[in-house]
Amino acid sequence: MDIKAVKFRKDGFYTQPFAFGGEEGMDKFDKNIRYRGSLQNYLIDTGDEVILVDTGLPSGTPEEKPDENSLGYTGKDICSYMEAFTALGYKPEQVTKILLTHKHSDHSGELKSFPNAEIYVNEEELSADELQGLDNLVPVKFTDGAYYNFPEHQKICDGIYFVKAKGHTNGNSLVVVEDGGLFYMMQADITYVDEALYENKLSTVFDDLTAARETLDRVREFVRNHPTVYMGTHTPQGYENLEAKRTVDLDNPVETVPAEVDFSGQESTGTYVCSICGYVYEPAEHDGVAFEDLPDDWKCPRCKQGKEKFNKA
């Protein structure tokens, strides 16, 4: 089994209020603490199959231009998702399965680019706008019972398990690969940064707060009892853990490396991008209404997050 990171954005950040404030409120945390951010998804080469866990942002998604008030920032483009995938030495037609953790377009953006792949997705996500027009979806019902302390899962093949992990979205899932005595847990947005795992904090982004808490509790119980390489989507610690085969020790957190942030050169283009799901707000597509003129209670059409989660493009 060979697991690789598909890296396509770097040098992002998530503020402590964003990453920790889901239960206690953002005002309880320091907005000047910014944890490193990035964007990567994962590829599993079993020797017989090439399986993807999520498929990045859609090609052409503009970069965000954060400022001092930005809660989160997905980072600078390294390249497009498809360029990063190809650089690993694979062709799209080789991919046999895609395990979709959830609907947001920073995870589902290039599903259409893999014509031979079956796309496994929690059946509760099937109505999502991001998944319309795809004829290769495999609805997952999680019929294989419990996976250790997680109540529901579906076995994909030997050593690869698709696990129900509701909370961030109502159809959120995670993937565990068992190989060489280790458990590689590929999770998308249960935590945005590893610091939240160690500190037992929920982010401000969830469809169901109670379910998100239950899922994080199960994750923490699992990693305490199994040698787990914890692999997130939005922090470079995801691929750093993978490359070092570093397992979680909740009693000994990995040292935080502060994010280095440059806010210079920010010019308004009128376009804004949701830092949660990648939705692009173009005034021309909204009757010419400038983003700044939207009402304070306006929500992202895709992920229903507020204006404060958007950054300039």
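Q: How many cavities of 30 Å³ or more does the structure hold?
A: Rolling a probe the size of a water molecule over the atoms shows where empty space is left. The structure holds four cavities of 30 Å³ or more; a cavity is a set of points, on a 1 Å grid over the protein atoms alone, where a 1.4 Å probe fits but cannot get out. This is a predicted model, in which local features need pLDDT of at least 70 and side-chain atom pairs count only at pLDDT 80 or more, while totals for chains, interfaces and linings use all residues. Residues are numbered from 1 along each chain as its sequence is written, and side-chain values use heavy atoms, with hydrogens and water left out.

Q: What is the volume of the largest cavity, and which residues lie nearest its centre?
A: The largest cavity contains about 90 Å³ of space, a volume being the space filled by probe spheres set on the points, which are joined across faces, edges and corners. Its lining has 13 residues, and His168, Asp189, Ile190, Leu202 and Ala212 lie nearest the centre; lining residues have an atom within 4 Å of a point. The lining comprises six nonpolar, five polar and two charged residues. Here Ala, Val, Leu, Ile, Met, Phe, Trp, Tyr, Cys and Pro count as nonpolar, Asp, Glu, Lys and Arg as charged, and the others, Gly among them, as polar.

Q: Which residues lie nearest the centre of the second largest cavity?
A: Leu57, Glu64, Thr74, Cys274 and Gly278 do, out of 13 lining residues. The volume of the second largest cavity is about 40 Å³, and its lining divides into six nonpolar, four polar and three charged residues.

Q: How many salt bridges are counted?
A: Side chains of opposite charge can pair when their charged atoms come close. The count comes to 19 salt bridges, each being a side-chain nitrogen of Lys or Arg within 4 Å of a carboxyl oxygen of Asp or Glu. Arg9, Glu64 and Asp77 are linked in a network of salt bridges.

Q: Where in the chain do Glu243 and Lys7 lie?
A: Their side chains meet in a salt bridge at 2.9 Å, N to O. Glu243 belongs to helix H6 (residues 237–244) and Lys7 to strand S1 (residues 2–15), 236 residues apart; helices (H or I, at least four residues) and strands (E, at least two) are DSSP runs numbered from the N terminus.

Q: Are Lys97 and Glu49 buried or exposed?
A: Both Lys97 and Glu49 are buried, which means under 20% relative accessible area, whereas exposed is over 50% and partly exposed in between (1.4 Å probe, protein chains only). By contrast, Glu243 counts as exposed at 56% relative accessibility, and Lys7 is partly exposed at 30%.

Note on methods:
1 Å grid on protein atoms, 1.4 Å probe; cavity = no way out; pocket = protein on both sides within 12 Å on 5 of 7 lines; lining within 4 Å.
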